[in-house]
Amino acid sequence: MRSLLVVGCIALAAAPAAAGGRARGKKARPKVVAIDVAGAVASGDRLRQCDAAIALVGAGQAAHASLLIGACADLAERADAARQARIAISRQAARDAWSTIDVDLVGDAAGVTVTIDRFADVPIAPGAWKLPAGDYTIVARTPHGETTYPLTIAANSRALVRLTPPPAPAAPTAGVVDFGTDSGAPLDAPLAGPPVVKHGSILPARFRAGLDARPVKRP
């Protein structure tokens, strides 16, 4: 009887422990937090942009973060976190053999916004950028339209992207016709045309003589 009581107590004590072990062993799903990259860029606040870049690294979006991590430069309050983010980006680039693309604008770059289709919320400046292998579309936009450049890059390669932004349309010009100043002098006589030519009859002379000699009937 005593042995049965001991076994029952052990079983009751083990049950909560097992339940607790299962609860501790179950991993909670990470909470997905939206990263407002577009809002950070539009704000012009470098601290906010730096925080967005660091958050992108934490979310496993190193390529996206690499386009924005430059905002962290010289921000003392984010120095440690930015350094860790740069290290993570560099390691990811080495593991995946990212390639370098050189973006160049032909002509006037004023008012031109350059983006990469996969990361359209982060404008980039002309220069060298690193991206994983894949298919991209580089876009140069102006108030007058856009120019696109489809690009396929292999791993550990280099590509040159030259974009000619659409120019502004030519401004219309008003034409001026000058008829001169009226001096009040009489106008020149009109030019004479060719002389009037009187055509003769096409009838032969013998017929004309007969017609001319024919008496005229009077009523």
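Predicted model: local features only at pLDDT ≥ 70, side-chain atom pairs only at ≥ 80, totals over all residues.
Visitor: What makes up the protein chain, and in which order do the elements run?

Guide: The protein chain has six helices and six strands, and from the N terminus on the order is α-α-α-α-α-β-β-β-β-β-β-α. Of its 219 residues, 24% count as buried, while the accessible surface comes to about 16,200 Å², with 60% of that belonging to carbon and sulfur atoms.

Visitor: Why are C50 and C72 called a disulfide?

Guide: The sulfur atoms of C50 and C72 lie 2.0 Å apart, and because a pair of cysteine sulfur atoms within 2.5 Å is what the term requires, the pair qualifies as a disulfide. A search of the whole structure finds one disulfide. The pair links distant parts of the chain, with C50 in helix α3 and C72 in the loop between α4 (62-66) and α5 (79-96), 22 residues apart.

Visitor: How do you know which hand the disulfide of C50 and C72 has?

Guide: The torsion about the S-S bond of C50 and C72 is about 105 degrees, so the disulfide is right-handed.

Visitor: Why are C50 and C72 called buried?

Guide: Buried means under 20% relative accessible area; C50 has a value of 0% and is therefore buried, and C72, at 3% relative accessibility, therefore counts as buried as well.

Visitor: Is S66 buried or exposed, and what makes it so?

Guide: S66 has a relative accessible area of 16%, and because the limit for buried is under 20%, S66 is buried. The residue sits in helix α4 and, leaving aside residues up to four places away in sequence, touches I89, W98, W129 and K130.

Visitor: Which residues have the most contacts inside the largest nonpolar core?

Guide: The largest nonpolar core has 38 residues, and those with the most contacts inside it are I101, V114, I116, I138 and L163. Helix α3 (residues 46-58) gives the most to this core, with five residues. As for V114, its contacts, not counting residues up to four places away in sequence, are V103, L105, V122, P123, I124, I138, V139, A140 and L163.

Visitor: Why is P169 called exposed, and where does it lie?

Guide: The relative accessible area of P169 is 63%, and because exposed means over 50%, P169 is exposed. P169 lies in the loop between β6 (158-163) and α6 (205-213), and its C-alpha is 7.7 Å from that of H144, although P169 and H144 are 25 residues apart in sequence.

Visitor: What is the phi of A97, and what is that of N156?

Guide: A97 has a positive phi of about 55 degrees although it is not a glycine, and N156, likewise a residue other than glycine, has a positive phi near 55 degrees. A97 is found in the loop between α5 and β1 (99-105), whereas N156 lies in the loop between β5 (145-153) and β6.

Visitor: Why is A97 called partly exposed, and why does N156 count as exposed?

Guide: A97 has a relative accessible area of 25%, which lies between the limits of 20% and 50%, so A97 is partly exposed. N156, at 65% relative accessibility, is over 50% and therefore counts as exposed.

Technical notes:
Residues numbered from 1 in each chain as written. Heavy atoms only, no water. Helix = DSSP H or I, 4+ residues; strand = E, 2+ residues; numbered from the N terminus. Buried < 20%, exposed > 50% of the residue type's maximum accessible area, 1.4 Å probe, protein only. Areas by Shrake-Rupley, 256 points an atom, 1.4 Å probe, with all protein chains shown as cover. Core = buried A, V, L, I, M, F, W, Y, C linked by side-chain atoms within 4.5 Å. Contact = heavy atoms within 4.5 Å.
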